[in-house]
Amino acid sequence: MDLWTWDRFAAVAADMPDRIAVRHGQDAISFGALRDGAEALAASLPIGPGDRAIVSAPNAIPSLVFIAAIWR
């Protein structure tokens, strides 16, 4: 069974929501917080399956949330 990137990520987030997914300097985000932030942001994005998106953003955790929202 093929799984999309989001499905694989969501499975990991469901299994270990409190585990740190990413550290950047002094900042960190858990798998669960990353999933929840991406879910919330994805609901407001005007894109859908098959659309293309470009992200130009600094190397930071909020940028990762935005990228995960696009996967979603």
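W6 and F9 are both buried, where buried means under 20% relative accessible area, exposed over 50% and partly exposed in between, with a 1.4 Å probe and protein chains only. The model is a predicted one, in which local features need pLDDT of at least 70, side-chain atom pairs count only at pLDDT 80 or more, and totals for chains, interfaces and linings use all residues. Residues are numbered from 1 along each chain as its sequence is written, and side-chain values use heavy atoms, with hydrogens and water left out.

Let's start with the aromatic rings. Two aromatic pairs occur in the structure, and they are set out here.

| Pair | Centre to centre | Angle between planes | Class |
|---|---|---|---|
| W6 and F9 | 5.3 Å | 50 degrees | tilted |
| F9 and F31 | 6.2 Å | 40 degrees | tilted |

Rings of Phe, Tyr and Trp (its six-membered ring) pair if their centres lie within 6.5 Å; planes under 30 degrees apart count as stacked, over 60 as edge-to-face and the rest as tilted. W6 and F9 sit three residues apart in helix α1, about one turn of the helix. Helices (H or I, at least four residues) are DSSP runs numbered from the N terminus. Together, W6, F9 and F31 make one aromatic cluster. F9 has a relative accessible area of 12% and is buried; F31, at 16%, is buried as well.

Now for α1 as a whole. Its buried residues include W6, F9 and A13. Why do they fall on the same side of α1? They do so because they cover an arc of only 65 degrees around the axis, the arc being that of the directions from the helix axis to the C-beta atoms. The face turned away from the buried side of α1 carries the exposed residues R8, A14 and D15. Among the elements covering the buried residues of α1 are α2 (31-42) and α3, with contact meaning heavy atoms within 4.5 Å.

Finally, the largest pocket. About 420 Å³ of space lies in it. On a 1 Å grid over the protein atoms alone, a pocket is an open set of points where a 1.4 Å probe fits, with protein on both sides within 12 Å along at least five of seven lines; lining residues have an atom within 4 Å of a point. The largest pocket has 17 lining residues, and G48, P49, I70, W71 and R72 lie nearest its centre. Helices α1 (5-15) and α3 (61-71) each supply at least two residues of this lining.

Technical notes:
Grid points are joined across faces, edges and corners, and a volume is the space filled by probe spheres set on the points.
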